[in-house]
Amino acid sequence: MLITLLQSSRFKGQLFTPSDPKQNLIFLAVMCISLLFLIVGNKISNSSNDKNKRYSKRAFRREGIRIGLSKKQIALLESFIKVYHVSKPFALLSNTRTLNNTLAQALRDITHMEAPPSVVEERKLNIYRIKQRIERVFAETNQITDTRKLKLSQDVTFKMDNGNRYSSVITANLKEFYCARVPVGKRGSQVKWSKGTRLNILIWGADGEEYTFSSKVLGYNSVKGITSVFLQHSNKISRAYHRKFRRKTIKRPCYLFPIKIQITGIGKRERKEAVVQKNMGRMGTLIDLSAGGCSLQTSRPLNKGELIKLSFEPMKGSPVVTYGKIVDTRSQSRIYTSIHIMFTRASSKNLNRINEYVYDFE
């Protein structure tokens, strides 16, 4: 039958007549575009299906437990996935914009929550603790371990044995050495050290963590017009403080009250009572603040190990009262002393007010 058709004059002309080249090109172009749309559409569909396959409550909970979140915190995140239609649920388990936006939305919605104030404050605190824990995991996996990773314009501080500190910035970082701007002293003159001098240097990581290491002075020269000290690289960088919470600089007045432990009774009847010495209060200035502690300056120093009551306003109209222990003191001059305090007790409401200042969710 097919042979008959080919031999017939009617079909013979139609099948073997040369086609128009222009029409062929148009036909091929249309076919290519259609094929391209099919491929892209298929990939998007497969990608969407893969994402749905990858996400499961079991996998999400397992990852949450792995990074140290509590079951209550994981359940809270799972509720956010449903309420806010989070398209990438696993992004909530890392330090991402998705996490920040979702937590910010949750904090805003808490104001409309019909629950006792204590329940509301506890929920807010759990939201902040989720962020703190994930930040801590991020900090531990992104530690600065080598001076070759220092970035241009990164802030550094030279710490002297006599307690003096000089601020500087990184001006260059090469394979053989790195450079920092020569610091300026109180009288406005440049501070220089002789070649071969060992210097203690402080830097701050992405999480606000303080790191310390030592470098040797190799010499001096100008780097892009900036007088700089050339320093030997170091791969022995350690944390100065193992902070669990993000810190934020602040300059606000505060009031300190020493706490005295009074012991009454003997033996089994012995009782200890913390008494705030209100008549011995003194004023200071907050330097930095976190949910775990703070640093401040005062002209009337207290001793390391002492317990104190601290009151301040991180934001105007938002009073905070905490109790803490002095973990370090440093003399900055003949007048001022820097005091580092670890909080030992604070209500959920007060911690939330501190976190509200430290984090820029809202």
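Helices (H or I, at least four residues) and strands (E, at least two) are DSSP runs, numbered from the N terminus. This is a predicted model, in which local features need pLDDT of at least 70 and side-chain atom pairs count only at pLDDT 80 or more, while totals for chains, interfaces and linings use all residues. Residues are numbered from 1 along each chain as its sequence is written, and side-chain values use heavy atoms, with hydrogens and water left out. The chain holds 8 helices and 14 strands.

**Overall**

- Of the chain's 362 residues, 36% count as buried; buried means under 20% relative accessible area, exposed over 50%, and partly exposed in between (1.4 Å probe, protein chains only).
- Among contacts (heavy atoms within 4.5 Å) in the chain with a separation of 6 or more, 57% are between residues 24 or more positions apart.

- Helix α4 covers residues 57-66, and its buried residues are A59, F60 and G64.
- Seen down the axis of α4, these buried residues fall within an arc of 135°, so they line one face of the helix; the arc is that of the directions from the helix axis to the C-beta atoms.
- R58, R62, I65 and R66 are exposed on the other side of α4.
- Helix α5 (residues 71-83) has 13 residues, which should span 18 Å at 1.5 Å a residue, and its end C-alpha atoms are 18 Å apart, in agreement; the expected span is 1.5 Å times one less than the number of residues.
- In α5 the buried residues are Q73, I74, L76, L77, E78, F80 and I81.
- The cover over the buried residues of α5 includes α4, α6 (97-109) and α7 (117-141).
- Just after α5, H85 takes a positive phi of about 50°.

**Nonpolar cores**

- A nonpolar core is a set of buried Ala, Val, Leu, Ile, Met, Phe, Trp, Tyr and Cys residues joined through side-chain atoms within 4.5 Å.
- The largest nonpolar core has 43 residues, and L77, L296, L310 and I341 have the most contacts inside it.
- Apart from that core lies another, of 21 residues, among them M160, W193, I203 and F213.
- Leaving aside residues up to four places away in sequence, L310 touches C254, Y255, L256, C294, L296, V320, V321, T322, I341 and F343.

**Rings and charges**

- The whole structure contains 5 aromatic pairs; rings of Phe, Tyr and Trp (its six-membered ring) pair if their centres lie within 6.5 Å, with planes under 30 degrees apart counted as stacked, over 60 as edge-to-face and the rest as tilted.
- A charge sits over a ring if NZ of Lys or CZ of Arg is within 6 Å of the ring centre and within 35 degrees of the ring normal.
- The charged end of R136 sits over the ring of F245, 5.7 Å from its centre.
- K192 lies over the face of Y220, at 5.1 Å from the ring centre.

**Loop residues**

- Most residues other than glycine have a negative phi.
- S153, not a glycine, has a positive phi of about 70°; S153 is in the loop between α7 and β1 (155-159) and is exposed, with a relative accessible area of 58%.
- K224, also other than glycine, has a positive phi near 55°; K224 is in the loop between β5 (210-223) and β6 (226-232) and counts as exposed at 78% relative accessibility.
- N279 lies in the loop between β9 (271-276) and β10 (282-289) and, at 73% relative accessibility, counts as exposed.
- N279 and F257 are 22 residues apart in sequence and 8.1 Å apart in space, C-alpha to C-alpha.
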